[in-house]
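Work through each task before reading its solution.

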Amino acid sequence: MGRVAIVTGASRGIGREIAKTLAKMNINVIGNYNQSEKEAIELKEELKKENIEIDIFKADVSKREDVKKMVDYTIEKYGKIDILVNNAGIDLVKEFTKVTDEDWNKIINTNLYSAFAMSQETIPSMIHEKSGCIINISSIWGLVGSSCEVLYSISKAGVDGLTKSLAKELGPSNIRVNSIAPGFIDTRMTEKIDAETVEEIKRETPLLRTGNPIDIARCIEWLVNDEFTTGQVISINGGWII
Ligand code: NAP
């Protein structure tokens, strides 16, 4: 049996590219989606044309029962989970004084609780196998803070805290835990940002461009084969934040 990976939020953007990259490495991929069923089916069909099979699984990763169902499905079908990519996430741009408790619950549950619950359900299998690789997709805004995105920044800083603590706790079981903190990546999450602001970001970025999902997937490709990197927050941002 080859390696088995769960990628959350694989229907679109960064997660979709990560799922494709892992599948092309002959890794059995369970690509999670929640609302974008059509896109998830398209991903499965796109890969099928290249004779690559992936599973797609609908689950709201902010809910424990959905997380459990997806992990149970994977263990039942493949017997183990080698790689977990906690990628699913949403953002919210709102003045701090206008943020509600509902906003807090939505952002924190989707971005942070999901990584906590997915890790908790998956780790027993990794401990049993004495091997595992967890990669959490955080953000530069968890590192440097972002005006009008306080909840998003809190959730991503929390994800990096989870990464560092889990790396210490799970290292002796040969489980590596790392974060990738992307800068500006062209996806649906960033398409609402106006063209002028995007041009300004490009000018401020030493590599003079915004990122593509493949820029993140390349790091994933390296991380899943690495053996001595753990507890790190790797920020892929073209030098925007140094
Ligand atoms: P995106 O294109 O909006 O995709 C978000 C993905 O998350 C979708 O596949 C979506 O699935 C999934 N998702 C959202 N809520 C979910 C839930 N409750 N359960 C399961 N899946 C859920 O965004 P993206 O840019 O690729 O973002 C991916 C990750 O990178 C996020 O964690 C984001 O915070 C992080 N990030 C992005 C950037 C950037 O510039 N784009 C920068 C830094 C960090 P459905 O549509 O199927 O619900």
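**Exercise 1.** Which helix gives the most residues to the lining of the largest cavity, and how many does this helix give?

*Solution.* Start with the kind of model. This is a predicted model, in which local features need pLDDT of at least 70 and side-chain atom pairs count only at pLDDT 80 or more, while totals for chains, interfaces and linings use all residues. Residues are numbered from 1 along each chain as its sequence is written, and side-chain values use heavy atoms, with hydrogens and water left out.

On a 1 Å grid over the protein atoms alone, a cavity is a set of points where a 1.4 Å probe fits but cannot get out; a pocket is an open set with protein on both sides within 12 Å along at least five of seven lines; lining residues have an atom within 4 Å of a point. Helices (H or I, at least four residues) and strands (E, at least two) are DSSP runs, numbered from the N terminus.

Now the answer: helix 4 gives the most to the lining of the largest cavity, with four residues. Helix 4 (101-129), strand 5 (132-137) and helix 6 each supply at least two residues of this lining.

**Exercise 2.** Describe the largest cavity by its volume and its lining.

*Solution.* A volume is the space filled by probe spheres set on the points, which are joined across faces, edges and corners. The whole structure holds one cavity of 30 Å³ or more, and the largest cavity has about 70 Å³ of space. Its lining has 13 residues, and Asn-86, Asn-87, Ala-88, Asn-111 and Ser-114 are the closest to its centre.

Sort the lining by class: Ala, Val, Leu, Ile, Met, Phe, Trp, Tyr, Cys and Pro count as nonpolar, Asp, Glu, Lys and Arg as charged, and the others, Gly among them, as polar.

**Exercise 3.** What takes up space in the largest pocket?

*Solution.* The ligand does: the space it takes is the largest pocket, where a molecule sits in a pocket if more than half of its atoms lie within 2 Å of the grid points. The volume of this pocket is about 1300 Å³. Of its 50 lining residues, Gly-89, Ile-90, Asp-91, Tyr-152 and Met-189 are the closest to the centre. By class, the lining has 19 nonpolar, 22 polar and nine charged residues.
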